[in-house]
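Biologist: Hi! Could you walk me through this model before I set anything up?

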Amino acid sequence: MVVTLGYAEAVDEEFGREVFPSKIGGKPRWLDPTRPLAVDRVVCDECTKPMVLLMQLYAPEDEPASAFHRTLYVFICRNGACHKTGAKRCMRVFRSQLAEDNSMYEEDAGSNDVSDDNDDDDITWALRPQVKAAPLCVVCGLAGTKGCSKCRARLYCSRDHQLADWSGGHREQCGSGKTDNAAHRRKLQRMVFPEHVIVSEEEPAQAQAEAEAFDEDSDDDGEDTEGITAEDMALVPASGERAEDSSVDVDRAFLVFQRRIQLSPDQVIRYARSAESPGPSEPLFVSDDGRPSIGADANADVPACEKCSAAREFELQIMPQMLNFLSIDSVDPASIDWGTLLIYTCPKSCGSAGYTGEVICRQNFSSQGIGEKFMRAMHGDDSGFTKQFDSLNI
Ligand SMILES: [Zn+2]
Ligand SMILES: [Zn+2]
Ligand SMILES: [Zn+2]
Ligand SMILES: [Zn+2]
């Protein structure tokens, strides 16, 4: 199975002109700028505030023709406390797509005449000049359907963002004709996550091979664990009591996970759907526990597509490393956290217009201890984590 990895990079000037960006944070860039998403689709069930963009990914499909351009949008609540609940309450994912023949985009004639082969990848697209983008919320970039009641010049998705803008600086500026000052702009910027480009690269084949080899080794009858004792595996300091506790389980999925990502530790996304290897792909789970149930049953974690009844399939996952790019305080116990976010979508990319809700599931590390140590290691603060895993000699 070929997996494409996504990495976060700083935005440059050129990125501002990108029509189909893949990115973390910032405001959404809508595939159909005439129909931005309405706020009522992304209200957090916990705090009732609008969620903000976590990331968007341009993931076009050859089939059906209506998915020629295709973008996935992931929204999450900014309030860390809301993430103590189920992912479905504080996270959303939407699919938006357009056929090649559409009223929005045309081939950018001036840009690809130097190309030898007329590969689709070489075509540069541009928004048709006559396309009139819909007004957006100045805070978050969702559909701006409410105006400032005084100046009527600023638009918002919700009263919540109107209030945030008012206290953030619009109170002083309203009706004055002045543009936002730097402090006001910074406050607005902090309402959304910092923007980064997602660049992609195929996963080194070695990563898969090593993880599989390890997985098979440890899949034996349990007698032969290559000299690894429960004590070696315990991620907590082995107090007398703990060391004797033979029920300290090795979370095999976590070890496979760790093994597989160590060659590319900065990956923020794993994209697993590909035309070359049809059929459902498996996520890289971070734990043996908490795997989502998939089924036709509407109560399954991953139910069938509500539109066409096809069983949803795994498409991509968001890695814990993405948390490093969100400027959130990972030490705060109420901060946003995950082991991995798994995104399941309709394999037929059914429907054409609007925003089709898909499914996002969160899997946590099996123990808080593993997650924290893992994140610290990712932050470059080793604190014995890597050494501990090296010593396992796996
Ligand atoms: Zn919330
Ligand atoms: Zn808004
Ligand atoms: Zn105003
Ligand atoms: Zn469907």
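Modeller: Happy to. This is a predicted model. Among its contacts between residues at least 6 apart in sequence, 67% join residues at least 24 apart.

Biologist: How many helices and strands does the chain have?

Modeller: The chain has 9 helices and 16 strands. Buried residues account for 36% of its 394 residues.

Biologist: Let's zoom in on strand 15. What does it pair with on the strand 14 side?

Modeller: Strand 14 covers residues 313-318 and strand 15 covers residues 340-345, and the two pair in the antiparallel sense over 5 bridges. Within that pairing, isoleucine 318 sits opposite leucine 341 of strand 15.

Biologist: How many bridges link strand 15 to strand 16?

Modeller: There are 5 bridges, again in the antiparallel sense. Leucine 341 turns up here too, with arginine 362 as its bridge partner in strand 16.

Biologist: Is strand 16 mostly covered or mostly open?

Modeller: Mostly covered, since 7 of the 8 residues in strand 16 are buried. Strand 16 also pairs with strand 5 (residues 91-98), antiparallel over 3 bridges. There, valine 93 has glutamate 358 of strand 16 as its bridge partner.

Biologist: Nice. Switching to loops: where does valine 268 sit?

Modeller: Valine 268 is in the loop between helix 7 (252-261) and strand 11 (269-271). Valine 268 counts as buried because it has 20 C-beta neighbours inside 10 Å.

Biologist: What is valine 268 in contact with, beyond its neighbours within four places in sequence?

Modeller: The list is Gly6, Tyr7, Ala8, Ile198, Ile318, Met319, Gln321, Met322 and Phe325. Isoleucine 318 on that list is the residue that stands opposite leucine 341 in strand 15. As for glutamine 321, its C-alpha atom is 5.3 Å from that of valine 268, although the two are 53 residues apart along the chain.

Biologist: Now the helices. At what angle do helix 2 and helix 3 cross?

Modeller: The axes of helix 2 (residues 159-173) and helix 3 (residues 182-189) cross at roughly 155° and come within 9 Å. The two helices are therefore roughly antiparallel to each other, because angles over 145 degrees count that way. The crossing is left-handed.

Biologist: Which residues make that contact?

Modeller: Helix 2 contributes Asp165, Gly168, Gly169 and Gln173, while helix 3 contributes Ala183, His184, Lys187 and Leu188. By class, that contact has 2 nonpolar, 4 polar and 2 charged residues.

Biologist: Last topic, backbone geometry. Which peptide bond is cis, with omega near -10°?

Modeller: That is the bond from glutamate 63 to proline 64. Proline 64 is in the loop between strand 3 (52-58) and strand 4 (69-76). For context, most residues other than glycine have a negative phi, and most peptide bonds are trans.

Biologist: What about phi, then? Where is threonine 48, and is it buried or exposed?

Modeller: Threonine 48 has a positive phi, near 65°. Its place is the loop between strand 2 (23-24) and strand 3. Threonine 48 counts as exposed because it has 11 C-beta neighbours inside 10 Å.

Biologist: And serine 349, buried or exposed?

Modeller: Serine 349 also has a positive phi, near 45°, and is in the loop between strand 15 and strand 16 (356-363). Serine 349 counts as buried, because there are 23 C-beta neighbours inside 10 Å.

Methods:
Residues are numbered from 1 along each chain as its sequence is written. Chains are lettered from A and ligands numbered from 1 in the order in which they are written. This is a predicted model: local features need pLDDT of at least 70, side-chain atom pairs count only at pLDDT 80 or more; totals for chains, interfaces and linings use all residues. Helices (H or I, at least four residues) and strands (E, at least two) are DSSP runs, numbered from the N terminus. A residue is buried if 20 or more other C-beta atoms lie within 10 Å of its own, exposed if 12 or fewer, and partly exposed in between; C-beta atoms are placed from the backbone. Two residues are in contact if their C-beta atoms, placed from the backbone, lie within 7 Å. Two strands pair if DSSP finds at least two bridges between them. Axes are lines fitted to C-alpha atoms, for helices over the stretch in contact, and angles run from 0 to 180 degrees between N-to-C directions. Angles under 35 degrees count as roughly parallel, over 145 as roughly antiparallel, 65 to 115 as roughly perpendicular and the rest as oblique. A crossing is left-handed if the near helix is turned anticlockwise from the far one by less than a right angle, and right-handed if clockwise. Ala, Val, Leu, Ile, Met, Phe, Trp, Tyr, Cys and Pro count as nonpolar, Asp, Glu, Lys and Arg as charged, and the others, Gly among them, as polar.
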